[in-house]
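Try each task yourself before reading the solution under it.

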Amino acid sequence: CSGTWSSEWWLSNVGKLSFDLFEQKGKMIRCISRVSRASAGIYALKPRWSNAVGRSRSRSMSMSARPAATEWSDDEVMLRDMVKRFAAKEVAPLVSKMDREGKMDGGMLKQLFEAGFMGIEVEDKYGGGEMSFTQTCIVVEELAKVDASVSLVVDIHNTLNNRVVERWGTDSQKSKWLSQMATTSLSSFCLSEASSGSDAFALKTTAKQKGDHYILNGSKMWISNAAEADVFILFATVDQSLRHKGITAFILDARQPGVHIGKKEDKLGIRASSTCEVRFDDVKVAKDAVLGSPGEGYRIAIEALNEGRIGIGAQMIGLAQGALDVALPFLKERKQACLFNTHDSHLPVAES
């Protein structure tokens, strides 16, 4: 997929393209994205954030080629089928083991990065697939049909953290952090606290400025991906008297001194996805760790959560569909004696 394909090549060979591409462990999503952008007759998205005005992504598309809103485009269908095959081959055999142990398989995260699932919308220059939010939701939904834990890891990383850095990060922050997050480094969204949940007005974690750096103190609760994360996006207040206007977003190394990861919660479901307490004790970060500007953290959090909840919606649709897909064959094969037999006074016990 490193070459450039013409529209004529694509249109004449689209029916012959093998879905075995993902088995090469290459940049599957980047491959699909490049094919889409090389095809003049195929709908494609090239996302661009504008930090100056904070608008939604601009879209480059051929309106005549875009199917109805109720139908997938050709590249979306290709992506969906590839993710489906990946989930069946790589994820499904590990689901029971991961759920039983309450831990993500050691090689699963590496495979997710290698497949391109962790930088779906990130620009190509940072190692991402430069695709659309809709395509992110497709990946989340298809993975959830097989395992909600793996789906959640991909969902949070893409719909919350990658988008926050891409939307609010400076060029130097993107070069440093986004290039890692798209290719090798898992991230966590550190917002919730014991007394505030997702209510950013009530944050108690503080960020005190001292010269050219900040000192972070406080604790976060129920942080997804915390046990495996390499990068944290943290929300803390620089001045509690300002309430939401003091909330500031920071990006930092999850393994630096002063960061302590608590034990994992023993959950009823989505067990392979870690959920932990995270404590910050005099954690020193430079001023350039601030995403956006001081005091913009509340806006950043709300915007991210609004989009992240769409991703969770895709996850729930996939989870429901996956449950139905498993249940229907069983219902067709299941044998049960009639409980009420009008021709016999005895009522046999139902058998499965």
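**Exercise 1. A pair of charged neighbours**

Is Lys145 buried or partly exposed? Work this out, then look for the salt-bridge partner of Lys145.

*Solution.* Please keep in mind that this is a predicted model. Begin with the accessibility: Lys145 has a relative accessibility of 25%, so the residue counts as partly exposed. Next, look for a partner. The side chain of Lys145 meets that of Glu142 in a salt bridge, at 2.8 Å from N to O.

**Exercise 2. A salt bridge within a helix**

Find the salt-bridge partner of Arg299 and work out how the two residues are placed in their helix.

*Solution.* Start with the distance: the closest N and O atoms of Arg299 and Glu303 are 3.0 Å apart, and the two form a salt bridge. Now place them: both lie in helix α9, which spans residues 297-333, and they are 4 residues apart, about one turn of the helix. Arg299 is partly exposed at 38% relative accessibility, and Glu303 is partly exposed at 27%.

**Exercise 3. A buried charge**

Which side chain of opposite charge is nearest to Asp155, and how far away is it?

*Solution.* First locate the residue: Asp155 lies in helix α7. Asp155 is buried and has no salt bridge. The nearest side chain of opposite charge is that of Arg163, 9.0 Å away; a salt bridge would need a nitrogen within 4 Å of a carboxyl oxygen. Now list what surrounds the residue: leaving out residues up to four places away in sequence, Asp155 touches Val140, Leu160, Gly308, Gly311 and Ile312.

**Exercise 4. The largest nonpolar core**

How many residues does the largest nonpolar core have, and which of them have the most contacts inside it?

*Solution.* The core has 30 residues. Those with the most contacts inside it are Met104, Leu112, Phe117, Val139, Leu143, Val150 and Val154. Next, trace where they come from: α3, α4, α5, α6 and α7 each give two or more residues to this core. The largest share, 6 residues, comes from α6. Now zoom in on Val154: beyond residues up to four places away in sequence, Val154 touches Leu112, Phe117, Met118, Val139, Val140 and Leu143. Apart from this core lies another, of 26 residues, including Val122, Tyr126, Ala182 and Leu203.

**Exercise 5. Two sides of a helix**

Which residues of helix α8 are buried, and which are exposed on the other side?

*Solution.* Begin with the buried residues of α8 (171-181): Gln173, Lys174, Trp177, Leu178 and Met181. They cover an arc of only 110° around the axis, so they sit on the same side of α8. Turn to the other side of α8, where Asp171 and Ser172 are exposed. Last, ask what lies over the buried residues: the cover includes helices α5 and α7 and strands β1, β4, β5 and β8.

Terms used. Residues numbered from 1 in each chain as written. Predicted model: local features only at pLDDT ≥ 70, side-chain atom pairs only at ≥ 80, totals over all residues. Heavy atoms only, no water. Core = buried A, V, L, I, M, F, W, Y, C linked by side-chain atoms within 4.5 Å. Buried < 20%, exposed > 50% of the residue type's maximum accessible area, 1.4 Å probe, protein only. Contact = heavy atoms within 4.5 Å. Arc of directions from axis to C-beta. Lys, Arg positive; Asp, Glu negative; His and termini not counted.
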